[in-house]
Amino acid sequence: MTTKVSTPEMKSLHFQPRTPGTTPGDKVVGAVSHTALTIWTLIVILPLLWTFMSSFKTSSEIFASPFALPGEWKLDNYVKAWSEAGIGSAFLNSVIVVAVALVIVMVLGAMCAYVLARYTFPGSRAIYYLMLAGLTFPIFLAMVPLFFVLKNMGLLNTLPGLILVYVGFALPFTVFFLFSFFKSLPHEITEAAALDGAGEWRTFFQVMLPMAKPGLASVAIFNFLGLWNQFLIPVSINAAGPRVLSQELAAFAGQMGYAVDYGALFAAVSVTVIPVLIVYVIFQRQLQGSVSQGTSK
Amino acid sequence: MTSVKTQQSRNDDGLAAVVPAKAPLQVVRRRRKPLTWDKVSFFAVFLGLPLAIYLLFVIWPFIQAFGYSLTDWSGFSPNQNFIGLENYVKIFTDDIFMKAMSNNILLVIFLPIITIILSLVLASLVTVGGSSKGQIKGLRNSSFYRVVSFFPYTIPAVAIGIMWGQIYDPSGGLLNGILTGLGLDQFKDFAWLGDKNTAMIATMFVIVWGFVGFYMVLFVAGIKGIPAELFEAARIDGAGRFRTAVSITIPLIRDNIQTAYIYMGILALDAFVYMAALNSGGGPDNSTLVMAQQLFFTAFSKGQFGLASAMGVVLAIATLIFSGLVFLVNRLTGGDKDVSL
């Protein structure tokens, strides 16, 4: 975008081509900007580093001084958090639930968005608005009746029940986002596929879905973060079931008042934070791209 | 079937312009296929399956909630008596719920404003903070700031809450450690979350901390979408940085700002996770209690499902009023005119 500016006609407006240089004012602004951004960066990163450092300390070391480095860099706290506090099994539950729900919601969401975007039939707009309505209503309103819907189906406090609810609540966003994406794909391609004898199913899975890959990737990233961070749904409808990570973390912190083991708590938080952070740093380029994609729609 | 027809007519128009006379007719004949198994199964699965899950697990509970809110149902007893609007009367005369609602209103007023201003400033610094000569440039190494600022968005809200709960810890926490280290000894053992004057502010800061990076990235994307010629023209006309930000940047990304405002507002009306993780009991003097916490407690601890559903309806109506207000303000201040650019 910015490179476009220095086109020849731009320069011809001024008789002398402008050479980029820095004035004293720029230096001041630059310095102030860097300072402000550095301060915010520190505010973001210091709590994270402190948490990570504290996760290696014993409880007495934590209370002695918030800054002192741990006496020994041992993994005891992590072992304790992973096995005794149940963070390990909750982590696996979370991975299973989020992975399965993500695959289902991406497939179903893409199918639904494709039909709504590419076919006009009576009621198609009504369905689209119904999806939009699901985006604006607070999840809270649905929790009490949902509890009984799942109870009647025998799915309360089970992981399959949790997966289905995750799919349901991630669906509107997925459909809404992919709708505009499928709408923008050229019509000629579907026609070409139809001429070549591909049925509706084959057209979708072999032609349209591969073309929608960039859109799918963006939605998948946001759905992953949304579902991985979900807290209200599991504590409402999975309170007595196999716990997921956010649930286990809250339960662990909740009992801290009685059995104080702050080192293990810091370790539990670190275990939750670090894997996603690493994945983010690896894929941050794509993610920044998907944010801009989401806004241009 | 109807769908195929309308699509054709659209294509026919296009074709007719190029190929005159009989060509469109042929196209129509070729495409009018009978209802095949392929097509029927396609619609049944592609539309039916997602819709069934959505209706059963999302729409149906929403509808039921309105019904429950008019009953005195306790959840586990079979009898549900219709009591009209009694639950709503109870809610609006309940001091604790009204306290929770006023806390939510406080959050709705301050959270979006603070988050958006802070992320707008940071986004502007990153994108147009560079040299005032030549091309419009961002700061050097600005992507580093952007990447790091986004970190909190990848962390589960529960983890954020627990982490900050430890940072605010009166004796072993990072914040008091820093403050006493700077010589401010009055903060030794000061309980940020235990004092009713600071609990809400401290909690708000945590939420802002969690979202500034995300909206900063959103605004950076928006600012980069503005044609650079506009900035260039403003500069030639002698506009300074501040003037450019106010007269060019903000009007041109006001759609993004509106989206951010609505999302942050909806979050402020909920805020359950943060409140539950930082002060699960509602804080000192209920100073951080929010409606969602009260709803959760009423439903799953006290078993008053009818009353809890009514609270949910109040929460939903508050959300709708808020979104409507934001749209209205944006429209009244001339939002649509600028969007078309």
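1. Helices here are DSSP runs of H or I with at least four residues, and strands are runs of E with at least two. By that count, chain A of this predicted model has 14 helices and zero strands. Reading along the sequence of chain A gives α-α-α-α-α-α-α-α-α-α-α-α-α-α.

2. Look next at how chain A packs. It has 297 residues, and 40% of them count as buried. Take the contacts in chain A with a separation of 6 or more: residues 24 or more positions apart account for 78% of them.

3. Now the two chains together. In chain A, 88 residues are in contact with 90 residues of chain B. Which helix of chain A gives the most to the side that touches chain B? Helix 2, residues 24-54, does, with 17 residues. The side of chain A that touches chain B holds 56 nonpolar, 28 polar and four charged residues.

4. Helix 14 of chain B, residues 291-301, deserves a look. Is this helix mostly covered or mostly uncovered? It is mostly covered, with eight of its eleven residues buried. Among the buried ones are Met291(B), Leu295(B), Phe296(B) and Ala299(B).

Conventions: Residues are numbered from 1 along each chain as its sequence is written. Chains are lettered from A and ligands numbered from 1 in the order in which they are written. This is a predicted model: local features need pLDDT of at least 70, side-chain atom pairs count only at pLDDT 80 or more; totals for chains, interfaces and linings use all residues. A residue is buried if 20 or more other C-beta atoms lie within 10 Å of its own, exposed if 12 or fewer, and partly exposed in between; C-beta atoms are placed from the backbone. Two residues are in contact if their C-beta atoms, placed from the backbone, lie within 7 Å. Ala, Val, Leu, Ile, Met, Phe, Trp, Tyr, Cys and Pro count as nonpolar, Asp, Glu, Lys and Arg as charged, and the others, Gly among them, as polar.
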